[in-house]
Amino acid sequence: MSIGIADVYTSSVRDDDAAVLLIHRALDLGITFLDTADIYGVSEVQVGKALKGRRTGVTLATKFGFVLGQPGKESAINGAPEYVHRACDASLKRLGVDYVDLYYLHRVDPTVPIEETVGAMGDLVRLGKVRHLGLSEASPATVRRAHATHPIAAVQTEYSLWTREPEDTLLPALRDLDIALVAYSPLGRGFLAGRIRTLDDLAPDDWRRHNPRFQGKNFTKNLAIADRIKQLAQEKGCTPAQLALAWLFTRHEVIPIPGTSSVTRLEENVRAVDVRLGQSDIARIDEALPKGAAAGKRYEPAALDLVDR
């Protein structure tokens, strides 16, 4: 089981002590894979504080590539080789570690050949600053080019019961190359957990308010999906979140990273490993929630342009 540490839905900054306690509880529960990124505000600093004295046995992943613009301007993507080194050194400093186990390119920079970016990332491996390389939201063709330059250990993408596009071309390519898929937003940005019933359940600055799947008729249609998951979970004797995670656990090459800022939700998510789904269960889930069931695009147009490059 793995967990994403970042709380990226709002602009609020969690208390460092609370974040450290949350991460320590995750480690105590047997979670060994922590995922963060340089763009997640103070997340790297918080993760670093939590790992002091507890680094052994933890697989630590972080990401780079987004460069925040000036206030009022959009962020940019930078995959230039010289920036690869600067970004890594900055992350290591914030994390307070000598190396990270997995270093991702957060989004592919269309202005820089992927071979150049991954070549520079490979230099980090040779320098001992990084153990393994990853990509995030990269197309199968880009993954293959990157993997030919330096072995890629993992590709991160959104994957859940309401985002199943990776099954079309990405998962087959990753199986062919023996690369793991790290699934972010495995609970459908919280929707599949059944705790979002209206937009008022989200903070005023929560960016999900602008996500197409949380808008108008899409929101109403997706509530019906959440209700179907709730019904199936009740029949299985688990929570909707546990059912959604257990479904991903049946994909053996997939590692879900459910992010949370709540110890209660953390403990709930961990218990998903105890939910066993047989072939009949999976068939019922697929019948109730076929591929493409979710209403609306998974990102607004500007963000959608950054994926599958």
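**Notes on salt bridges and a helix pair**

1. Start with E137: at 3% relative accessibility this residue counts as buried, where buried means under 20% relative accessible area, exposed over 50% and partly exposed in between (1.4 Å probe, protein chains only). Keep in mind that this is a predicted model, where local features need pLDDT of at least 70 and side-chain atom pairs count only at pLDDT 80 or more, while totals for chains, interfaces and linings use all residues. Numbering runs from 1 along each chain as its sequence is written, and side-chain values use heavy atoms, with hydrogens and water left out.

2. What does E137 pair with? Its side chain meets that of R298 in a salt bridge (2.9 Å, N to O); the term stands for a side-chain nitrogen of Lys or Arg within 4 Å of a carboxyl oxygen of Asp or Glu. R298 sits in the loop between α10 (279-288) and α11 (301-304), and E137 in the loop between β7 (130-136) and α5 (140-149), so the pair ties together parts that are 161 residues apart in sequence. Helices (H or I, at least four residues) and strands (E, at least two) are DSSP runs, numbered from the N terminus. R298 is buried too, with a relative accessible area of 13%.

3. Another salt bridge joins the side chains of R251 and E167 (3.8 Å, N to O). This pair links distant parts of the chain, 84 residues apart: R251 is in the loop between α8 (240-249) and β10 (254-257), E167 in the loop between β8 (152-158) and α6 (170-177). Both R251 and E167 are buried. They also belong to a network of salt bridges that links R164, E167, D168, R251, D286 and K291.

4. E268 counts as buried at 6% relative accessibility, whereas R265 is partly exposed at 31%. Across the whole structure, a search finds 25 salt bridges.

5. Last, a look at helix packing. α1 (residues 16-28) and α2 (residues 43-51) pack at an angle of about 55 degrees, with their axes 9 Å apart. That makes α1 oblique to α2; angles under 35 degrees count as roughly parallel, over 145 as roughly antiparallel, 65 to 115 as roughly perpendicular and the rest as oblique.

Technical notes. Axes fitted to C-alpha atoms, helices over the stretch in contact; angles between N-to-C directions.
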